[in-house]
Structures are given as C-alpha cells and as structure tokens.
Amino acid sequence: MSRNTGANWLKRWVTARQMALMGYVTRIIILETGLTDKQVRRLYRDLEDEGFKLDKNRTTRTTRSGATLLLNQLSKIHASLLMQLYRQVGGESVATSISISALDRAYRMYQALLCEMAVIDPAIRNVTFTISDAWCLASELRSEEAMFETCDSCQCDFFTSIHQSTGIGCPFCYEAPNRSKHSTFEVLNNVEKRTLVTVAGTKPLLPDENKIAAASSKDEVLAVAK
Ligand SMILES: [Zn+2]
C-alpha cells in the first residue's frame with residue numbers, strides 16, 4: 001500500500017469514526033467514506049470496545065428525503081433553521097458538496113436551540129431531525145433537488161424541496177386556516193413579548209404588556225396565550 005493510499009484510508013476511517021459517534025446510520029457512512037459494510041461494522045465493534053455507546057437505530061436501510069421530512073409547516077421551519085445554520089457554517093460550497101464538519105457544527109447549534117425551546121414546549125421534540133435527516137437534506141441541496149427561496153411577503157429565506165409533501169411555501173409567515181390556539185409559535189411569541197417587557201422595564205411597549213408582565217411563571221404565560 002503506497003503512503004498516499006494509506007493516508008487516504010486513514011482519513012476515511014477517521015471520518016467514518018466521527019460519523020458513527022455523531023449517530024449517522026450505516027448506509028450514509030458507507031456512502032460518504034466508501035468503506036464496506038463489514039469495515040463499518042468492525043469500526044462499531046472497536047468503538048464499543050472503547051466504551052462508546054452507539055445509537056441502536058444505526059443499521060436502518062432506508063434514508064429519508066424531502067418527501068418524508070418536509071410534511072408540514074413545523075417540519076419546514078425545522079429544516080429551514082437547520083439548513084440555514086449549515087449554509088452559514090459551510091458557505092456557498094454546500095451547494096456543490098456535502099461538508100460533514102459543517103453539518104456537524106450546524107447540527108450541534110440546532111440541538112442547542114431545540115434544548116432551549118423544549119423548556120417552553122416539550123412537543124418541539126416530536127419533530128426533531130436526526131443527523132442522518134440533516135445529511136439527507138444536505139444531499140438534496142447539493143443535487144439541486146432542494147434549495148433556498150426568499151419569501152415575497154416576509155423576506156425570510158426558507159428551505160424547500162421538490163419532493164416535499166406539503167404545499168406550504170414560506171413556513172415563517174404561513175397561517176393555517178384552523179390553526180391551534182396553543183401552537184408553538186403563539187407560545188414563543190408570548191415569551192418573546194415577555195422578554196421585551198423585562199428588557200424595557202416599566203416603559204409600555206406592547207398593548208397587552210400588563211397581562212404579560214403579570215405572568216410570572218411559564219404556565220401563566222401559557223394561560224395568557226389561550
Ligand atoms: Zn414568509
């Protein structure tokens with residue numbers, strides 16, 4: 001084996017190791033690194049021998065696409081936030097190739113954001129994308145099956161896929177006809193108002209300031225949202 005081939009092999013092995021620890025499914029690790037199924041299974045055994053706990057669902061054969069990931073307004077918001085972070089970290093090159101390191105950093109930021117939001121509304125966890133889902137979206141972005149569009153109404157950039165299973169365009173300003181009174185957005189909006197009030201002190205900022213300011217606990221904020 002030449003030195004060059006050896007270095008290349010090591011690089012692929014290190015990438016596969018990093019991906020396994022991040023929780024990628026086997027199929028994606030194989031696609032990204034070119035390792036065989038047998039080699040990846042050996043890598044898992046090595047990691048487990050070293051004491052790492054690996055995700056149980058990693059051997060799933062199927063990867064997802066915009067068809068199963070972009071189903072409604074909320075999942076489109078998740079995809080838009082996650083992929084905006086990815087584009088921010090990875091730069092314009094993410095349109096032509098998948099950057100595993102950029103995806104890793106973007107995914108960590110996304111998870112940190114969800115952690116904070118789950119304190120307000122635990123239901124947010126029902127939509128959470130996995131790192132493999134993130135890779136599938138990045139893959140569609142690279143192959144131009146998915147793209148960012150700018151909304152004419154709110155000027156926000158949102159992620160959209162030709163495979164998506166929803167007719168919603170911009171998920172940030174779309175208002176569903178039978179929207180639930182207790183949607184995540186209403187809760188978040190009210191928390192935002194409350195934060196503004198706190199920052200502004202006694203100066204009136206919003207019409208319902210007193211109502212919001214009176215709410216001292218999270219439950220009371222939720223009650224105001226009703
Ligand atoms: Zn919009």
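Modeller: Of the protein's 226 residues, 27% count as buried. Keep in mind that this is a predicted model.

Colleague: How many helices and strands are there in the protein?
Modeller: The protein has ten helices and two strands.

Colleague: In what order do the elements run from the N terminus?
Modeller: Starting at the N terminus, the order is α-α-α-α-α-α-α-β-β-α-α-α.

Colleague: How do the two strands, E1 and E2, pair?
Modeller: Strand E1, residues 146-150, pairs with E2 in the antiparallel sense, over five bridges. Within that pairing, Met 147 stands opposite Thr 160 of E2.

Colleague: And what lies between E1 and E2?
Modeller: Six residues separate E1 from E2, and the two strands form a hairpin. In the turn, Gln 155 has a positive phi of about 65°.

Colleague: Is E2 enclosed or open, and why?
Modeller: Strand E2 covers residues 157-161, and four of its five residues are buried, so E2 is largely enclosed by the rest of the structure.

Colleague: Changing topic to helix H3. What span should H3 have?
Modeller: Helix H3 has 13 residues, 37-49, and at 1.5 Å a residue it should span 18 Å. The C-alpha atoms at its ends are 18 Å apart, which agrees.

Colleague: Which residue with a positive phi follows H3?
Modeller: That is Gly 51, with a phi near 100°.

Colleague: Last one, on contacts. Of those between residues at least 6 apart in sequence, what share join residues at least 24 apart?
Modeller: The share is 57% in this protein.

Terms used
Residues are numbered from 1 along each chain as its sequence is written. This is a predicted model: local features need pLDDT of at least 70, side-chain atom pairs count only at pLDDT 80 or more; totals for chains, interfaces and linings use all residues. A residue is buried if 20 or more other C-beta atoms lie within 10 Å of its own, exposed if 12 or fewer, and partly exposed in between; C-beta atoms are placed from the backbone. Two residues are in contact if their C-beta atoms, placed from the backbone, lie within 7 Å. The expected span of a helix is 1.5 Å times one less than its number of residues. Two strands pair if DSSP finds at least two bridges between them.
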